[in-house]
Amino acid sequence: MELSYQEKLTLIKLGELKKTRFEELVKAANIEQVAVMRAVLGLQAKGLAKLHERSERVVRLTETGRRYGKIGLPEWRALGILRERGKVTLDDLKEVLSEDELKPIVGLLRKEGWASVRKEDGKLVLEITEKGLNAEERPIDRALKLLAEKEALPVKEIEKLVSVKELKRRKIGEEETVTEREVEITPAGEELVKKGIELKREVSVLTPELIKSGKWKEVEFRKFDIKAPVRRIYPGKKQPYRAFLDKIRRRLIEMGFIEMTVESLIETQFWNFDALFQPQNHPAREWTDTYQLRYPKSGSLPEKELVEMVKTAHERGLAGSRGWGYVWSPERAMLLMPRAHGTALDARQLAKGVEIPGKYFTIQRVFRPDVLDRTHLIEFNQIDGFVVGEELNFRHLLGILKRFAVEIAGAKKVKFLPDYYPFTEPSVQMSAYHPQLGWVEFGGAGIFREEMTKALGVDVPVIAWGIGIDRLAMFKLGIDDIRYLFSYDLKWLREAKLVW
């Protein structure tokens, strides 16, 4: 039977002690506690020793409890002054009580019936009662005395006097689990010790000196079990959701998309709504569906020619459209708001100029009033993109969306439903199946209306989409609550893994 150096040493010492507390065995072996425990477990697996463990819930005194064990509980110290003087004010009690002890003292004395309380000249006055004069030791006092005498007492023993909950509430005691371990040598272990165990000096490194001197023959080389469990180390890494967003960004760039960026989270209603051919009386522009900036309230509009084209599209129409048939307000378009969707950047990019054919995307933080739950946030990330080209049609759009959901999000099932948006026609909603949540809506898509694209100076089809990237991340990170993406839960932050 092959034994390691620690196992040999531990067995030899156990042969001398026969049966002993684990702590005594550690002292006798004179090696690290963890090494002795590993050796004992190894000997137990080989039938040479037995480890007996017994766990028990115990109560220990806190630092405050130890202090009270020496000087007495606050109510007894206050009662001492009351017995001397008959009646006192709170200022008098400051002689024996700290500020923290003074706050609950009136309640404690009244609860025990040791003092009556009244106001005199605007001050609280405490006067000792008959019960206070004859006060005797209470269960909590006996429990404190017992705990002060011993290191720890079993919960069941303390509960005979006072509840552990009460000791915790008063910060006198704390509960913990104590495990007692005993190690015993087996007959097989004793037999092996009697036969004799050769114990050579153990080394973990073969040095040139050992080789040259020939002493390598006299030592025992430590064996390492590379499969043995060790304490897990958590090195620094990116926040899981941040890593997901970076992965998405890299994927899209590899697919030939150009990223659209903007520094500000604040947008004018012109870019958020008007440039997207969304009428100024649309209910989505009201306070129930979007946030508004209180100060500053308004921003500035872009160049006059662009503004005139957008105004014309709204009032009279472009590309054969009759428009929305109302008087367009530049003041309304200048109002500032936290960006409600990433599509505002699509409009900015189209007005700035695009390559034809071309593919563009953006990942932006957006804001919308909503009820917080497992699949909704009021501040979230959205991935918007569009493809511009002369031969594009609706089938191209569905193909891109499906590829995105299956290859990037990892969704097994995808479905499309008809939808409506003021700036796309036809429009579609995309949903994917989540194992825990069922069908989850990811976002909307469609072909930008000509009234919008022509006003922005583009004369070819543009297919576009806006997807809630947070919900995609739920699939990849294996979570069923969207709020966890922004969680401070250390366990989740350490263990969350992206699945690609």
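Guide: Sort the lining of the largest pocket by class and you get 16 nonpolar, 16 polar and eight charged residues; here Ala, Val, Leu, Ile, Met, Phe, Trp, Tyr, Cys and Pro count as nonpolar, Asp, Glu, Lys and Arg as charged, and the others, Gly among them, as polar. Keep in mind that this is a predicted model, where local features need pLDDT of at least 70, side-chain atom pairs count only at pLDDT 80 or more, and totals for chains, interfaces and linings use all residues. Residues are numbered from 1 along each chain as its sequence is written, and side-chain values use heavy atoms, with hydrogens and water left out.

The volume of this largest pocket comes to about 930 Å³, meaning the space filled by probe spheres set on grid points joined across faces, edges and corners. A pocket is an open set of points on a 1 Å grid over the protein atoms alone, where a 1.4 Å probe fits, with protein on both sides within 12 Å along at least five of seven lines; lining residues have an atom within 4 Å of a point. There are 40 of them around the largest pocket, and Ala340, His341, Arg368, Gln382 and Tyr421 lie nearest its centre. Two or more lining residues come from each of β14 (379-388), β15 (414-421), β17 (438-448), β18 (462-468) and α21 (469-477); helices (H or I, at least four residues) and strands (E, at least two) are DSSP runs, numbered from the N terminus. The top contributor to that lining is β17, with seven residues.
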